[in-house]
Amino acid sequence: MAALLLESLMLGPDKNESLWPSVGIDAIHALCITLLVIIVATAYFMSRTRPVYLVDFACFRPTSTCRVPFATFLEHARLMPFFDEKSVRFQVRILERSGLGEETCLPPTNHYIPPCPSMEAACEEAQLVIFSAVDELIAKTGIKPQDIDILIVNCSLFSPTPSLSAMIVNKYKLRSNIMSFNLSGMGCSAGLISVDLARDLLQVHPNSYALVVSTEIITPNYYAGKDRSMLLPNCLFRMGSAAVLLSNSHRESARAKYRLLHVVRTHKGADDRAYRCVSEEEDEEGNSGIRLNKDLMVIAGEALRANITTVGPLVLPVTEQLRFLATLVARRLRGARGWKLYIPEFKCAFEHFCIHAGGRAVIDELQRSLGLSAAHVEASRMTLHRFGNTSSSSLWYELGYVEAKGRMRGGDRLWMIGFGSGFKCNSAVWRCLRTVGTPVEGPWSECIHRYPVKVPDMIKLL
Amino acid sequence: MDLLWTISTALLLCSLLSILWKESDRRRNRNCYLLDFVCYKPSDDRKLSTELCSDIIARNKRLSVPDYKFLLKAVVNSGISEETYGPRSIIEGREECPTHDDCVDEVDDCMYRTLDQLFLRTGVSPIDVDVLVVNVSMFAPSPSLTSRIVNRYSMREDVKTFSLAGMGCSASPIAIDLVNNIFKTRKRTLAVVVTSESIAPNWYCGTDKSMMLGNCLFRSGGCSFMLTNDPSLRHRAKMSLKCLVRAHIGADDDAYSCAIQKEDDEGRVGFHLSKSLPKAAVRAFAENLQRLAPKVLPVGELALYAVRGLRHRLWRSKEAKTDAATAARVNFKSGVDHFCLHTGGAAVIDAVGRALGLAKYDVEPARMTLHRWGNTSASSLWYVLGYMEAKKRLRRKDRVLMLSFGAGFKCNSCLWEVLRDLNDGGAWEDCIRAYPPQTLVNPFMEKFRWVKEA
C-alpha cells in the first residue's frame, strides 16, 4: 500500500488521473473506504484510556504562631501532668534524632498545657488547613467550584459526621450531583488511594474535574500516656494539608503540570506482623494512641519490595527488568539465601523521588533499599525538616520543594511512594508535561532560599 | 488492483469488527450484579427491650424527669419492637466510657459474621475479591476496617480497599456508586461491600434534647453484599443495577447543619438533629427525584407528567403546589414495583410514602424493618430488601428502588432489576411468619401510659 502511494506521488497528478479508471476504484468505493477509516479511527480514539492530568496542587502553609521549636516541645513535655521523667526523656531522644527542624507546626489546641482537644477544635483545625489549601488551589487554577465533578477527601484519624467532604461541599457550594467520597482510617498512604480512586472515576466520566484533598488532623490525636511505643506520633506528626486538581479534559493538557502514568497499591494486611505494626490502641490507663512496632522498618522494606515487583515492569528499561527477573527465579530455585535480591536501578527510570516523610528512619531505609543518592531523597528530608510528618499530604510538600527549587523539567518522571497503616505501600508515577517555573506563593516560598540544610544525625537537646 | 482493494477493505472491516467487539465486550462488563447479601443478626443476649431501654436511660443521672419522660415517649412511640439489638457495652453499663476494644468488637462481630456467611453462600473465596469497601460512618480506627478484613481473610496484596466514613445513613448507595464506577474500568471484577454503623462509641450522655433521639432510634445492624460485573456470573446473581442517583444539598447551610455531630454546651459529643431536618429532607428528596424520574419512569408516564405540568402552567390553579405534592402526581409505581425506604423513623417512612403516593403494602417492608430491627442506619435498606425476599415478593423482572437519606444532607437512590425469583429468608428466616403483626403498638404502652399524658 505504501509503495503504491509512493509510486503514484512520483507520477504526478496528470498521470494519476489517467491511471484512475484503470485501477478500477470508482467514487463509491473510495467513499466507503474513507468512511470506514474515519469510523475506525474515531472508535479507536474513543476506546483509549483517558489521560489523567494534574492541573495544579496547593499545600497549606502554617503560620509561624503555630511553630513548635525544640525548646517549646521540651518545655511543654516537662509541664504535661501525665508525662513522667522517663516519658519526657524518651520523647526528647526521639526528637533529637528525628530529622525535624524548628519550624514544624502543631494546631493551636496542642499549644495548651495540657492540650484541650475537643471536636470543635478539631473541626476548626480541619477548616483552617483544608480551606487554606483549597482557596490557594482555586486561586492558582481559576477553577470555579461549580465545575468540580468529583471530590475525594482522605483524613485518617478524624472523621466527623457529616464528613469532611460534606464540609467542603458546604463551604464552596459545590453542585448537588457531585460524586463525593470520604476515606478514613487508611493511614499515611491514603493520598495515593484517593488519587487512584479519582483516576478510576475520571476514566468513566469524560471532561471532568476531580478535587482530591489529603490531610491529617492532629488535634484529637495527642497521646497523653506513658507507653513509649505510642509516644512517637507526638514527636513526629505535624499539621498539614494538600489540595490537588486532577482532570481528564483535553483543554487542560496545555496547562497541566503532570500526567498520571501509573498507580500501584500493595496491601500487606494478610501478614499478621505487617497488619499489627501500626495500630490505634488504648494503653493500660485507657489513653488512646497509635502504637508503632519496632519492626516497622523491616515491614516497610518488605512492602516496598512487593510494590516494586509491580511497578518495575511498568517503568524500568528491559535490561533492568530481565536482571530483576533472573534473580527472582534464581532465589525461587536455589532458595532466598543463595541469591541476594537484585534491586533494579530505579534511578534510570525516574528523575525525582517523593518518599513519604514518615520519619528519618523511613527515608534512610528507602534510600538504602533503592540505592538512591542523597540528592534523590533531598526533597523528602527537607520536607521532614521543615514541616514534619504531615501524613498523607507530605508527598505534595515534597513535590512543592522540587518545584520551588526549579528542578522540574518537561519530560521528567516522578515517583511518589507512600506507606501507611494496614500495612500498605502505594506508589504513583507521574510525567512532567512542561518545565515548571518556581512558584511565587506556596509553603516553600519564604524559606526555599535557606534549603537544603544539613540535617545532623543527632541534635543534643538535653 | 482488485486484490489490493479486497485486502484493504477486508482489513478495514476486520478493524471495525474488532472495535465493535471491544465495545460490546465493554458493555457486557459494565453491568453491576448483586450476587448475594447477608444481613447481620446479633446474638439474642443483645436484645434491647423497652424496659431495658428505660433502665439505660435512667442511668444518666443528669437527666431531669421531663427529659426522662421525653426519651421514654420517643422509645414507646418509635414503632420499634422489643426484638431490636444494641451493643454489648451499652447493655453492660459502659455506655459513658466504652473502650476501644468495645467499639472494635461491636463492628468486628457484624463484619465477620456476615462475611463468613457471604463467602459460604456464594462459594467465592476471599482471595478472589478484587475490591473491598467498608462504610461505617461514626467509627474509623487505624488500621482501617478494610485492613481488619484483609487481615482476617488473608486477601490478596493487590486488593483495592476503600474505607468510607462520615457519610451518614445514605452511605450504602455511595459504596455501590464507588464499586459501579470501578466496574466500568476493569473486567471480571468481584467486589465485597460491608455496611454498618457503630453505636458503642456514640451514645450521648448529655441533656440536650436534640441529641437524645439518636439514642432512642439507632440499633445494631449491618450487611455484607457481593457485587460483580462478570457476565458469566449473571445466572447466579439476584439483581442487576439499573441506575443510581446521588443528590447532595450540603451547599445550603441549614441542610448541612440539620444532622450534625457536635458537642453540646457541656462539651459532650452527640448527634444533633435540628428542626429544619424535615425541610432539608424534602429538598434533597425533590432534587433526587428530579434526576431519578427520567431514568426510572416509562416514557408514557413522563409524557403524562409533562402534560399535567403544562396544563398547570397554562391554567394556573389557585392552590399552591409544593414539590412533594407535585411528586405525588408522578406515579412512581409505573416504573417501580418495590420500594426499599430508609428506616429513619416512622415519620420519615410515612412522609416518603405519601410523597411517592405509596399504599400501605408498599411501605410495609420499611415499617416492619423499623419494628424488627430499628434504625440500623446505612444497612437498613438491606433489611427492607430482606423482608421483601423473605415474603417472596421479589419476582423476575421486578424493579426495586432503594431510597435513603443521610447527614450532609444527601438523598441517594438506586434502582435494581430482579434477575430471578428470590426466596431466601435470610435474617428474617425465623420471624417472617409473624409479620406483619396485628399491632405495632409498643406492649409497654400500658405500663408507660403516663408518658402519653406528659
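**Helix packing and the chain interface**

Modeller: In this predicted model, helix α13 (residues 346-356) of chain B packs against helix α14 (residues 360-373) of chain B at an angle of about 175°, and their axes lie 10 Å apart.

Biologist: Why are α13(B) and α14(B) called roughly antiparallel to each other?

Modeller: The angle is about 175°, and angles over 145 degrees count as roughly antiparallel; α13(B) and α14(B) are therefore roughly antiparallel to each other.

Biologist: Which residues of α13(B) meet α14(B)?

Modeller: B:Ala346, B:Ile349, B:Asp350 and B:Gly353 do so, and their counterparts in α14(B) are B:Val363, B:Ala366, B:Arg367 and B:Leu370.

Biologist: What makes the pair A:Asp196 and B:Lys160 a salt bridge?

Modeller: Their side chains meet at 3.0 Å, N to O. The cut-off is a Lys or Arg side-chain nitrogen within 4 Å of a carboxyl oxygen of Asp or Glu, so the pair qualifies. The count between chain A and chain B is four salt bridges, and 29 residue pairs are in polar contact across that interface.

Biologist: Which element gives the most to the side of chain A that touches chain B?

Modeller: That is α3(A), with nine residues. That side comprises 33 nonpolar, 23 polar and 14 charged residues.

Biologist: How much area is buried between chain A and chain B?

Modeller: About 5,500 Å², of which carbon and sulfur atoms give 59%. In chain A, the residues losing the most area to chain B are A:Thr161, A:His267 and A:Tyr275, together 13% of what that side buries.

How values were computed: Residues numbered from 1 in each chain as written. Chains lettered and ligands numbered in written order. Predicted model: local features only at pLDDT ≥ 70, side-chain atom pairs only at ≥ 80, totals over all residues. Heavy atoms only, no water. Axes fitted to C-alpha atoms, helices over the stretch in contact; angles between N-to-C directions. Helix = DSSP H or I, 4+ residues; strand = E, 2+ residues; numbered from the N terminus. Parallel < 35°, antiparallel > 145°, perpendicular 65-115°, else oblique. Contact = heavy atoms within 4.5 Å. Buried area = accessible area lost by both parts, 1.4 Å probe. Polar contact = N/O pair within 3.5 Å; in protein donor to acceptor, adjacent residues only side chain to side chain. Nonpolar A, V, L, I, M, F, W, Y, C, P; charged D, E, K, R; others polar.
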